[in-house]
Amino acid sequence: MWSLQAVLLLLVLSSHGQDTTTEKPGVLLPLPKGVCAGWMAGIPGHPGYNGVPGRDGRDGTPGEKGEKGDAGLVGPKGDTGETGVTGVEGPRGFPGFQGRKGEPGENAFVHRSAFSVGLEAGATVPNVPIRFTKIFYNLQNHYDGTTGKFHCSIPGLYYFSYHITVYLKDVKVSLYKNDKAVLFTFDQFQDKNVDQASGSVLLHLGMGDQIWLQVYGDGESNGVYADNVNDSTFTGFLLYHDTN
């Protein structure tokens with residue numbers, strides 16, 4: 001310990017000696033304050049406190065561009081935007097290729113029911129069905145020539161018509177449906193002249209319904225006539241069948 005203090009004293013004295021050589025000759029400098037002859041160095045003090053941090057330095061130059069990072073998570077779906085303005089209609093395209101033939105549809109079967117008959121003799125009996133025995137068409141046999149009645153085998157809408165030659169007497173003819181007259185025709189005979197009476201109607205028929213013509217009233221209005229040059233005819237046919 002004493003040797004260390006002696007070394008420190010010599011260093012202090014030598015440093016003061018050098019400083020005095022720079023002063024004017026003959027002028028003695030006083031000893032440093034607190035220094036006395038035969039002094040002894042004290043124990044080193046504790047380290048001082050840290051000073052106040054200095055000011056921030058200037059910004060450095062920008063570094064090199066880093067590598068591209070990974071893609072982030074998909075964000076939530078945004079709200080639907082407003083409808084845009086309708087664009088201009090484009091040019092018409094070329095015709096497409098013809099499609100394949102379709103499958104046969106349902107109800108391809110055609111329902112048929114028709115007849116057309118005429119009177120062969122001029123003599124008719126009042127208040128009973130007129131028997132038209134001259135057959136023009138009766139392929140489905142829905143008209144019965146032995147009774148003079150049409151029998152409905154296909155429910156649906158039918159058209160009926162008749163054309164009667166009137167001769168020698170007046171004529172009163174009715175079209176009947178199931179024993180009920182639905183259409184009446186009257187024609188007054190003109191002396192020495194052949195006249196015509198006719199009628200037509202649309203009727204809906206159900207299965208089993210019957211249609212016929214007959215003279216109504218007394219025998220005085222029975223001028224229905226037919227010969228080889230004058231016909232009295234009765235016709236009917238199905239327009240369309242019921243679908244239910």
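Among contacts in the protein chain between residues at least 6 apart in sequence, what percentage joins residues at least 24 apart?

Reply: The share is 68%, where a contact means heavy atoms within 4.5 Å. This is a predicted model, in which local features need pLDDT of at least 70 and side-chain atom pairs count only at pLDDT 80 or more, while totals for chains, interfaces and linings use all residues. Residues are numbered from 1 along each chain as its sequence is written, and side-chain values use heavy atoms, with hydrogens and water left out.

Helices (H or I, at least four residues) and strands (E, at least two) are DSSP runs, numbered from the N terminus. Read from that end, the order is α-β-β-β-β-β-β-β-β-β-β. Of the 244 residues, 25% count as buried; that word stands for under 20% relative accessible area, exposed for over 50%, and partly exposed for what lies in between (1.4 Å probe, protein chains only).

Strands pair if DSSP finds at least two bridges between them. Strand β4 (residues 149-151) is joined to β8 by two bridges, and the two run antiparallel. Within that pairing, His151 has Gln210 of β8 as its bridge partner. Strand β5 (residues 156-177) also runs antiparallel to β8, here with five bridges. Opposite Val215 of β8 stands Val173.

The structure holds 13 aromatic pairs, a pair being rings of Phe, Tyr and Trp (its six-membered ring) with centres within 6.5 Å; planes under 30 degrees apart count as stacked, over 60 as edge-to-face and the rest as tilted. One of these pairs joins Phe150 and Phe160: their ring centres are 5.7 Å apart and their planes stand at 65°, so the pair is edge-to-face. Because Phe150 lies in β4 and Phe160 in β5, the pair ties together parts that are 10 residues apart in sequence. Phe150 is buried, at a relative accessible area of 1%, and Phe160 is buried at 0%. Both belong to one aromatic cluster, whose members also include Phe115, Phe132, Tyr143, Tyr158 and Phe234.

Which residues form a nonpolar patch on the surface? They are Leu202, Phe237, Leu239 and Tyr240, with about 390 Å² of accessible area together. Such areas come from the Shrake-Rupley method with a 1.4 Å probe, and for residues only the protein chains shown count as cover. Patches are made of residues with over 30% relative accessible area and no salt bridge; like charges are joined within 9 Å, nonpolar side chains (Val, Leu, Ile, Met, Phe, Trp, Tyr) within 5 Å. Strand β10 gives the most to this patch, with three residues. Phe237 is found in β10 and counts as partly exposed, at 30% relative accessibility.

The structure also holds one salt bridge, meaning a side-chain nitrogen of Lys or Arg within 4 Å of a carboxyl oxygen of Asp or Glu. Lys134 and Asp231 form this bridge, with their closest N and O atoms 3.2 Å apart. It links distant parts of the chain, 97 residues apart: Lys134 lies in strand β2 (residues 134-137), and Asp231 in the loop between β9 (222-225) and β10 (233-241). Lys134 is partly exposed at 30%, as is Asp231 at 34%.
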